[in-house]
Amino acid sequence: MANSPQAKKRARQNEARYQINKARRSRIRTHLRRVEEAIASGDKDAATAALRAAQPELMRGVTKGVFHKNTAARKMSRLSSRVKALG
């Protein structure tokens, strides 16, 4: 348990960041799930629109430190290739 004032403050900050990052990660996953569902339905227009909406969210997660940039790039690459293959 934190005893010193700075350790108590750091514990509060860690909890606050954890909640913010959890919400951000959830939001990104929701966007990615929408793309997956659009791909599964076979609707190229909906999948393209969902992918365009997901890309800035994913990159924002990178700048905020929720995801590594290579992870985000890999996810975007794989999703975009799957959307492109819908024909």
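1. Basis. The model is predicted, so that local features need pLDDT of at least 70 and side-chain atom pairs count only at pLDDT 80 or more, while totals for chains, interfaces and linings use all residues. Residues are numbered from 1 along each chain as its sequence is written, and side-chain values use heavy atoms, with hydrogens and water left out.

2. Secondary structure. The chain holds three helices and zero strands, in the order α-α-α along the sequence. Helices (H or I, at least four residues) and strands (E, at least two) are DSSP runs, numbered from the N terminus.

3. Dimensions. The C-alpha trace spans about 60 × 20 × 15 Å along its principal axes.

4. Burial and surface. Of the 87 residues, 24% count as buried (under 20% relative accessible area; exposed is over 50% and partly exposed in between; 1.4 Å probe, protein chains only). The accessible surface is about 6,200 Å², with 49% of it belonging to carbon and sulfur atoms (Shrake-Rupley method, 1.4 Å probe; for residues, only the protein chains shown count as cover).

5. Contacts. Taking contacts between residues at least 6 apart in sequence, 60% join residues at least 24 apart. A contact means heavy atoms within 4.5 Å.

6. Charge. There are 22 positive and 6 negative side chains, and the centres of the two sets are 13 Å apart. Lys and Arg count as positive, Asp and Glu as negative; His and the chain ends are not counted. Each charge is placed at NZ of Lys, CZ of Arg, CG of Asp or CD of Glu.

7. Helix 1. This helix covers residues 5-41, 37 residues in number, and reaches 54 Å from first C-alpha to last, close to the expected 54 Å (1.5 Å times one less than its number of residues). Its buried residues are Asn21, Ile28, His31, Leu32, Val35, Ala38 and Ile39, and they pack against helix 2 (44-63) and helix 3 (69-84). Just after helix 1, Gly42 has a positive phi of about 85°.

8. Ala23 lies in helix 1 and is partly exposed at 48% relative accessible area; its C-alpha is 17 Å from that of Gln55, 32 residues away along the chain. Ala73 belongs to helix 3 and is partly exposed at 39%. Ala73 and Gln55 are 18 residues apart in sequence and 9.5 Å apart, C-alpha to C-alpha.
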